[in-house]
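Hi everyone, thanks for making time this morning. Let me put the structure up on the screen, and then I'll walk you through it.

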Amino acid sequence: MPPAADTTASRRTEARPQTERPSTTPSAKYLGWLFAVAIAAAAFNLRPVVTSLGPLLDQVRTDLGMNPTLAGLLTAVPSLCFGVFGFAAPSMARRIGPIAVIAAGMGAITAGVLARSFAGGTAVFLLLTALALAGVAVSNVLIPVVIKRYFPDRVGPMIGLYSMSLSAGTALAAAVTVPLTSALGGDWRYGLGVWAGLGALALLLWLPVLLTKRERGDRADGSAPAKLPITRSRTAWAMACFFGLQATGAYVVMGWLPKIFQDAGVDKGTSGVLLAMTMVIGVPVSFVLPNLAARRGDQRLFVVVLAACGIAGYAGLALAPAGAPWVWAVLVGLSNCAFPLVLTMIGLRARTAGGVAQLSAFAQGVGYLISIPGPILIGRIYQMTGEWYGPLGFLALLLVPQMLFGLRAAMARHIEDEAVHPAAQVKA
């Protein structure tokens with residue numbers, strides 16, 4: 001074959017999307033259902049590591065002799081781990097395949113959650129929590145990748161299933177950890193350790209998927225996608241900033257919303273239920289929103305609507321928190337549904353599974369690092385002023401750049417075009 005023809009064939013091979021079309025045989029259909037259930041189970045385990053700890057933090061601190069500084073560090077560990085380990089996920093996937101990495105992630109979550117419930121000191125507790133969060137981090141990044149690769153025609157519904165399951169796990173852990181601990185005798189070790197059972201179940205579901213797919217790392221068969229100079233892509237940077245700002249709001253809400261309501265005279269029990277409401281509202285919305293967003297060429301309308309809900313919710317919390325607390329909780333919960341929206345956009349802004357892996361790692365890695373100072377800064381503002389007007393005003397103000405970055409990230413572009421051909425950004 002002449003050199004020119006050989007080059008043309010090579011380019012066609014590189015341009016072919018790295019996706020696997022689903023087979024229509026009965027066995028393939030059963031495997032597809034198993035795969036979908038495994039994705040839902042994995043997503044369900046991505047937040048109880050964090051949200052089960054919050055309600056029991058005072059007991060953990062007292063029992064382990066943890067000082068306030070270390071307790072503050074513990075609240076920052078999730079974002080730090082998500083950022084650091086998220087960057088490593090694509091290279092791990094290229095070596096052994098994303099399914100194997102996610103299965104290993106479920107193993108790390110199970111081992112970390114179970115083992116930390118037996119920790120005898122603060123350092124061991126922090127290290128085992130970091131182990132579990134490492135499993136969460138790589139799974140965070142790679143689940144959208146396997147959806148893009150193995151469900152190329154159902155990205156919206158599968159991202160919806162993933163987001164809905166993640167929201168359900170978040171809400172359940174926040175709502176039932178305290179009563180579950182009481183039912184188990186009041187020991188925080190049982191209240192935290194019991195969540196390892198769900199991790200083990202997810203691992204059992206991923207093992208047959210791993211064995212059936214027999215997936216090898218991309219490097220093993222010479223099909224490794226070229227590494228994109230992703231920092232050249234304005235869409236990638238906009239996605240990272242959008243992700244980081246929405247994560248800031250979400251972690252502030254998870255950490256401080258009950259305190260906001262309690263300071264307004266709402267009792268502790270009701271404030272906990274209101275926090276659960278902000279998470280529960282995300283369950284149906286997280287399933288519907290990705291389907292709607294995936295059908296549109298761009299997702300700018302959803303970015304604006306969710307930001308508007310957040311601004312209204314924070315304004316209500318600042319001016320009359322006890323006046324209509326359920327309304328404010330619903331509005332803030334809707335604003336936090338920017339998370340399933342950004343996951344959907346990550347799956348749509350790249351042409352190939354390899355591109356999704358690199359964009360997911362970049363957006364989540366940079367995004368979570370951006371989110372680290374937020375909860376700490378909010379606490380500092382509250383400590384200085386003794387009121388919630390400043391912190392809530394700051395959160396509402398953050399929604400403006402979040403919306404602006406989201407509008408840029410929501411445009412119908414592909415990072416491959418921008419990263420490889422920067423001139424395309426100028427024309428756009």
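**A walk through the model**

Let's start at Thr-248, which, leaving aside its neighbours within four places in sequence, is in contact with Ile-370, Ser-371, Gly-374 and Leu-398. By contact I mean heavy atoms within 4.5 Å. Thr-248 sits in helix H11, residues 234-263, and at 4% relative accessibility it counts as buried. For burial, the cut-offs are under 20% relative accessible area for buried, over 50% for exposed, and partly exposed in between, with a 1.4 Å probe and protein chains only.

A word on where this comes from: this is a predicted model, in which local features need pLDDT of at least 70 and side-chain atom pairs count only at pLDDT 80 or more, while totals for chains, interfaces and linings use all residues. Residues are numbered from 1 along each chain as its sequence is written, and side-chain values use heavy atoms, with hydrogens and water left out.

Now the overall picture. The protein chain has 21 helices and zero strands; these are DSSP runs numbered from the N terminus, with helices being H or I of at least four residues and strands E of at least two. Of its 428 residues, 53% count as buried. Among the contacts with a separation of 6 or more, 84% join residues 24 or more positions apart.

On to the cores. A nonpolar core here is a set of buried Ala, Val, Leu, Ile, Met, Phe, Trp, Tyr and Cys residues joined through side-chain atoms within 4.5 Å. The largest one has 86 residues, and Phe-35, Ile-39, Tyr-162, Trp-206 and Leu-341 touch the most other members. Helix H7, residues 122-150, gives the largest share of this core, 13 residues. What does Trp-206 touch, not counting residues up to four places away in sequence? The list is Phe-35, Ala-38, Ile-39, Ala-42, Ile-99, Ile-102, Ala-103 and Met-106. There is also a second, separate core of 25 residues, and Phe-261, Leu-274, Leu-317 and Trp-388 are included in it.

Leu-274 takes us to a helix pair. The axes of H12 (residues 268-280) and H15 (residues 325-335) come within 8 Å and cross at roughly 35°. Axes are lines fitted to C-alpha atoms, for helices over the stretch in contact, with angles from 0 to 180 degrees between N-to-C directions. On the H12 side the contact is made by Thr-270, Val-273, Leu-274, Met-277 and Thr-278, and on the H15 side by Pro-325, Trp-326, Ala-329, Val-330 and Gly-333.

Two last stops. Gly-65 lies in the loop between helix H4 (57-64) and helix H5 (68-96), and is exposed, with a relative accessible area of 59%. Its C-alpha atom is 7.3 Å from that of Thr-122, 57 residues apart along the chain.

Met-403, in helix H19 (residues 389-409), is partly exposed at 22%. Beyond residues up to four places away in sequence, Met-403 touches Val-303, Val-304 and Ala-307. Thanks, and I'm happy to take questions!
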